[in-house]
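Trainee: I have a model open on my screen and would like to learn how to read it. Could you walk me through it?

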Amino acid sequence: MEYFLQQLINGVTLGSIYGLIAIGYTMVYGIIGMINFAHGDVFMVGAFLALIVYLALVAIGITFVPLALLIVLLVAMALTALYGWTVERIAYRPLRGSFRLAPLISAIGMSIFLQNFVQQAQGARVKPLQPVAPGGFQFGAADGFVVNVSYVQLMIVGATIAIMTGFTLLVTKTSLGRAQRACEQDRKMAALLGVDVDRTISLTFVMGAALASVAGLMYLLYYGVIDFYIGFVAGVKAFTAAVLGGIGSLPGAMLGGLLIGLIETFWSAYFSVEYKDVAAFSILAIVLIFLPSGLLGRPEVEKV
Amino acid sequence: MAAPASPAAAPSPLIAAVKDAGIAALIALGLALPMLGLVTTQTQAGMGLVPHWDRVAIAVVAVFAGRLLLNLTLWRPGRRKSALAVPPKVEATLARTAKYLGPLAILFAIVMPLLPFTERYAIDLGILVLTYVMLGWGLNIVVGLAGLLDLGYVAFYAVGAYSYALLAQNFGLSFWICLPLAGILAAFWGVLLGFPVLRLRGDYLAIVTLAFGEIIRIVLLNWYWFTGGPNGISGIPRPTFFGIDFDRGPDGFAATFGLSYSPLHRILFLYYLILALALITNLVTIRLRRLPIGRAWEALREDEIACRSLGINTVNTKLTAFALGAMFAGFAGSFFATRQGFISPESFVFMESALILAIVVLGGMGSQFGVAVAAVVMIGGFELFREFSDYRMITFGLVMVLIMVWRPRGLVSSRSPTVFLKEKKAISGALVQEGHG
C-alpha cells in the first residue's frame with residue numbers, strides 16, 4: 001500500500017510536468033491545426049534558461065530559495081516565451097494558410113535547429129544541479145516502508161494547480177481567451193469580427209512556451225539534471241498525452257498528462273522500466289482505436 | 001526597381017528599415033544574452049557560469065546587418081511579395097524539360113561510377129543517397145499518393161534490416177532469398193500495425209504511427225537474446241554476386257571473371273544493387289498509379305467521403321498503400337544491413353523517419369523526380385559539409401525551415417495527373433490535395 005502511494009505521488013508529479021507541456025501542443029493544435037514538433041525543444045530551452053537564470057542569481061548573491069525560484073520562474077517564462085514567439089514568427093507564420101504538411105516539416109526543422117543550437121551554445125554534456133530544496137515529509141514509517149513526499153514534488157503539484165487555475169481563468173474569462181476560442185472555431189469569421197488573428201496565434205505560442213518553461217523548471221528541480229536532448233522524449237510523451245486526452249481540449253491535455261505520468265510510473269514500478277514507453281504508447285493506440293477522438297475530445301464531424 | 005514617390009518620403013523607407021532591423025536586433029539580444037552569453041560549466045564548486053559576451057555581440061550584429069540588408073533588398077516595400085518565387089514561365093519550361101530530366105538523371109546514375117574521375121568516396125555517397133531516394137519513393141506511396149501521414153516509417157526499415165540480419169545469421173540464407181523475405185515481413189508488419197489504426201484520421205494516425213515506430217525501436221533495444229539489444233548485430237554476411245563472394249580466393253568474383261582483385265568491385269556491386277532496387281520502386285509506383293488500386297489511392301487522398309460513396313473499400317485501399325510502402329522500406333532495410341554489416345537500434349531513431357518524410361515533402365509530395373532531387377540535396381549536401389560537423393546540423397534544420405517557407409509545395413511543385421482529358425500536362429502542386437489520413 002505504501003509502495004502504491006509512493007508511486008501514485010511520483011506519477012502525479014511526472015504527470016503534472018507532461019500536462020504542462022501538453023497544453024502547449026493542444027492549444028496550438030486547436031487554433032491552427034498543426035503539430036508543433038518544436039514544442040518539446042522549447043521545453044528544453046525553458047529548462048536551460050531556468051538553469052542559467054538560477055546560476056546567475058546564485059552568482060550575484062540571491063540565495064534565499066523561494067525568492068530565487070520565483071525570479072527564475074518569471075524570468076525563464078518571459079525568455080522562453082520570447083523563444084516561442086520567435087519560432088512562430090520565423091517558421092510558422094509565413095506558412096499560414098499553406099497546406100497541412102508544410103508547417104509540420106518546418107517544425108521538425110526548427111526542432112533540429114533548437115536542439116543543435118543549444119548543444120553548440122551550452123555544450124553537449126549533461127548539466128547537473130545540486131538539489132535546490134532538499135528534504136520533504138515522510139509518512140508511514142511504522143510499517144517499515146516510508147512514503148516520501150519531497151518539497152520539490154509538493155511544489156510541482158502545487159504550482160501546476162495554481163498555474164492551471166490561472167490559465168483556465170485566462171482562457172475562459174478574459175478577452176484574449178475569448179479571441180482564442182473564437183479563432184479556434186472559425187479563423188475567418190473571427191477575423192471578420194475584428195479579432196486580430198495573427199496576434200492571437202502569436203500569443204497562443206507565447207503562452208504555450210511560458211507553460212513549457214514552467215515544466216522545464218520543474219523538470220530541472222525534480223531530476224536535477226538536464227541536457228539538450230530531453231526535449232524530444234518529453235515532447236513525444238506530452239504530445240501523446242495531448243492526443244490521449246483529446247487534442248484541442250485543455251482539461252483533456254492535463255488529464256492525458258496525468259494518465260501518461262501514472263501509466264509510466266506504475267509500469268516501471270510493477271513491471272519493467274525498459275518497457276514503460278511501450279506501455280504508454282500502447283495505451284494511446286488502444287484508447288484511440290476505441291475512442292478515436294481521445295478521452296475528452298470532440299468527435300470530428302465531416303461536412304460534405 | 002520602384003522609384004521613390006517623392007523626395008520628402010524618400011528617406012523614410014531607410015529609417016523604417018533601420019528601425020525594423022533594430023527591433024530584430026533587440027529580440028536577438030533577448031534570445032542570445034542568456035543562451036549564448038552565459039555558458040553553464042561544471043566547476044570544482046558545482047555548476048557555474050562562464051560569460052561569452054563576444055558571441056552575443058556577433059549574433060546581435062549579424063541579425064541587425066542581415067535584417068537591414070534584407071529590408072533594403074528583397075523585402076523592400078513596393079517589391080512584389082513573391083519576388084523569391086520562380087516565375088511561372090520558368091516553371092513551365094522546367095515542367096516540360098522534366099520529361100527528359102528523369103531519364104537523363106537515371107543515365108547519369110548508371111554511368112557515374114564508371115567515369116574515370118569518380119572516387120570511391122563518390123560511390124559511397126551515391127549508395128547513401130540512393131538508399132534515401134528509395135526510402136523516399138517508398139514513403140511517397142503512403143504519403144504522396146494515398147495521403148496517409150506516416151511518422152514511423154523507419155520501423156519498417158528496421159524490420160527489413162533485422163529480418164535480413166537474423167535470417168542470414170541464424171539460417172545461413174543468402175541475400176537473394178532474404179531480400180524478398182524481408183520485404184514480405186515488413187509488409188506483414190505494415191498490415192499488422194495498419195489494421196487497427198487506419199480508421200484514425202489525420203494527426204491521430206500520425207501520432208500512432210510515431211508511437212509504433214518508437215515501440216519497435218524500444219523492443220529492438222531491450223530484446224537482448226533475440227536482437228542483441230543496444231549492441232546490435234554484427235558480422236552480417238556481405239552480399240554475394242549471385243553466390244560468388246567478393247574476395248581474393250580462387251572462387252571469388254575477381255578470379256571467376258578473370259579480373260584482378262579490387263575492393264571496389266563490391267562497392268560497385270552495392271551501388272548498382274541499390275540503383276536497381278530504387279528504380280524498381282519507381283517503376284512499380286509509376287505502373288501502380290495506372291492500376292485501379294493506384295487510382296483509388298489518389299482518389300482517397302483527394303476526397304475520402306466521395307470514395308466511400310463510390311464503393312471503394314477505404315480500409316483495404318489504405319492497407320495496400322501501407323503494406324507496399326512498408327515492403328519497399330523492408331527491401332531498403334535489408335540492403336542497409338548487408339552494406340553496413342552491422343546494425344543496431346541507433347540507426348532507426350525517429351529522426352530518420354522525420355528525415356525521410358522531409359525528403360518526400362521538400363521534394364514535392366507525389367512527384368517522383370522531386371523526391372529524388374530532395375534526397376540528393378539533403379543527404380548529399382549534408383555529407384558535403386562533413387568538415388563543419390559542429391554547425392551542419394544547425395544548418396540542416398534551418399535549411400529545412402527555409403525551403404518550406406520558400407516553397408511550401410516542395411522543390412518540384414508541378415504534378416502530372418494520372419487521369420487526363422485529351423493531352424497530358426503538368427499542373428501546379430497546389431491543386432493536389434494532401435489527404436487527411
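Trainee: Over residues 99-118 of chain A, what percentage of the chain is helix, and how far apart are the end C-alpha atoms?

Mentor: Keep in mind that this is a predicted model. Residues 99-118 of chain A are 90% helix and 0% strand, with 30 Å between the end C-alpha atoms. The unreviewed UniProt entry annotates this span as a "transmembrane region", along with others including 12-35 of chain A. Residues 12-35 of chain A are 88% helix and 0% strand, and their end C-alpha atoms lie 25 Å apart.

Trainee: Now the interface: how many residues of chain B are in contact with chain A?

Mentor: The size of an interface is often given as the accessible area lost when the parts come together. Here we can count residues instead: 46 of chain B are in contact with 57 of chain A. On the chain B side, helix 7 gives the most, with 12 residues. By class, that side has 35 nonpolar, 6 polar and 5 charged residues.

Trainee: Which domains does chain B have, and how far apart are their centres?

Mentor: The domain assignment gives domain 1 (11-84) and domain 2 (88-431). Their centres, taken over C-alpha atoms, are separated by 39 Å.

Trainee: And which residues touch the most other members of the largest nonpolar core?

Mentor: Look for Ala47(A), Ala358(B) and Ile359(B) in this core of 213 residues. Leaving aside residues up to four places away in sequence, Ile359(B) touches Tyr132(B), Gly136(B), Val371(B), Ala374(B), Ala375(B) and Met378(B).

Note on methods:
Residues are numbered from 1 along each chain as its sequence is written. Chains are lettered from A and ligands numbered from 1 in the order in which they are written. This is a predicted model: local features need pLDDT of at least 70, side-chain atom pairs count only at pLDDT 80 or more; totals for chains, interfaces and linings use all residues. Domain bounds come from an automatic or database domain assignment. Two residues are in contact if their C-beta atoms, placed from the backbone, lie within 7 Å. Helices (H or I, at least four residues) and strands (E, at least two) are DSSP runs, numbered from the N terminus. Ala, Val, Leu, Ile, Met, Phe, Trp, Tyr, Cys and Pro count as nonpolar, Asp, Glu, Lys and Arg as charged, and the others, Gly among them, as polar. UniProt positions are given in the numbering used here, feature names are shortened, and annotations may be inferred rather than shown by experiment. A nonpolar core is a set of buried Ala, Val, Leu, Ile, Met, Phe, Trp, Tyr and Cys residues joined through C-beta atoms within 7 Å. A residue is buried if 20 or more other C-beta atoms lie within 10 Å of its own, exposed if 12 or fewer, and partly exposed in between; C-beta atoms are placed from the backbone.
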